[in-house]
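Please examine the model shown here with attention to its strands, its pocket and its aromatic rings.

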Amino acid sequence: AVRDESGNLWLALNAGGVRTLAAESYELAVNSALSATVLSMVLGGQDDLWIGTDEGLRHVRRGSALPYGEPEGISNGTFVVAAGDDNSVWIGAESDGLFRVASDGEIDRWTTDEGLPASSVSALRHAADGTLWVGTFGGGLAHLSQTGDVLDVFDTESGLGSNQVISLYESDAGELWVGTAGGVNRIVDGRVIQSVTSDDGLPVNVVRHIHA
C-alpha cells in the first residue's frame with residue numbers, strides 16, 4: 001500500500017490490480033490492463049504511480065495506464081520499482097537485471113556484465129545521498145552511484161545473513177537495514193555491524209518487509 005500526496009491510499013491486490021479507497025482519483029476498471037499480479041508500487045513525480053507486475057511495468061498518470069514491457073525494452077517480470085529524485089524510475093527484474101527509465105523515456109539496463117552480483121533483482125532502495133541499493137536473489141547486495149556505477153557489493157562473506165536479499169530500509173541516520181532469508185543486517189559506513197536472527201528472538205529468519 002502507498003499513500004499519494006493528495007492523501008489517497010492505494011492498495012495492491014495479488015490478482016486484482018490496484019484499487020484506491022478515495023472516491024476522486026484514478027479510475028481503474030476491474031478488467032483493465034492493471035489486472036495483472038502487482039508485485040510492487042512506488043510514487044513518482046506529480047502523483048504518478050509506477051506499478052511493477054508479472055506482466056511488465058505500468059505507469060499510471062491522470063487515469064491512464066501506460067505499459068512498459070518487452071516491446072519497450074523492459075523485462076515483463078518487473079519485481080520491484082523505485083523512484084529517483086530526477087523523475088526517473090528504477091526497475092528490478094526477476095531474472096533480467098536492473099532497468100532505469102529516465103524522465104525522457106530513455107531506458108538503460110544493468111546485469112552481471114555491468115557489475116551486478118546477480119541478475120535477479122529482489123529489492124531496491126534509494127539512499128538520501130542519491131545512491132541506489134540493489135538487493136539480489138542469490139548474489140547479495142550492490143551499492144550503485146548516482147550514475148549507475150557499482151561502488152560496492154555485500155554478501156555472506158561481508159557479513160550478510162544470506163545472499164538472498166528481500167527488503168531494504170534506510171533510517172534517518174543513514175543506516176541501512178537489510179532483510180534477507182537469513183535474518184536482518186545493519187550496514188553503517190560501508191560495514192555490516194549488526195546481525196539479528198532467530199537466535200536473537202526473530203520468529204523466523206526470512207524478513208520480507210522493514211518499516212519504521
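## Basis of the model

This is a predicted model, in which local features need pLDDT of at least 70 and side-chain atom pairs count only at pLDDT 80 or more, while totals for chains, interfaces and linings use all residues. Residues are numbered from 1 along each chain as its sequence is written, and side-chain values use heavy atoms, with hydrogens and water left out.

Between β16 and β17 (residues 176-180) the antiparallel pairing extends over 5 bridges, and S167 has G179 in β17 as its bridge partner.

## The largest pocket

The largest pocket holds about 1,400 Å³ of space. Here a pocket is an open set of points on a 1 Å grid over the protein atoms alone, where a 1.4 Å probe fits, with protein on both sides within 12 Å along at least five of seven lines, and lining residues have an atom within 4 Å of a point; the volume is the space filled by probe spheres set on the points.

Of the 40 lining residues, S40, M41, V80, L124 and H209 are the closest to the centre. β8 gives the largest share of the lining, 6 residues, and β16 is among the elements that give two or more.

## Hairpin and aromatic pairs

β12 and β13 (residues 132-136) run antiparallel and are joined by 5 bridges, with R125 partnered by W133 in β13. These two strands form a hairpin with 5 residues between them, and G130 in the turn has a positive phi of about 90 degrees.

The whole structure contains 2 aromatic pairs, for which ring centres (the six-membered ring for Trp) must lie within 6.5 Å, planes under 30 degrees apart counting as stacked, over 60 as edge-to-face and the rest as tilted. W90 and W110 form a tilted pair, 5.1 Å centre to centre with 40 degrees between the planes. W133 and F154 are also tilted, at 5.9 Å and 45 degrees; W133 lies in β13 and F154 in β15 (residues 150-154), so this pair ties together parts 21 residues apart in sequence.

Technical notes: Pairing = 2+ DSSP bridges. Helix = DSSP H or I, 4+ residues; strand = E, 2+ residues; numbered from the N terminus.
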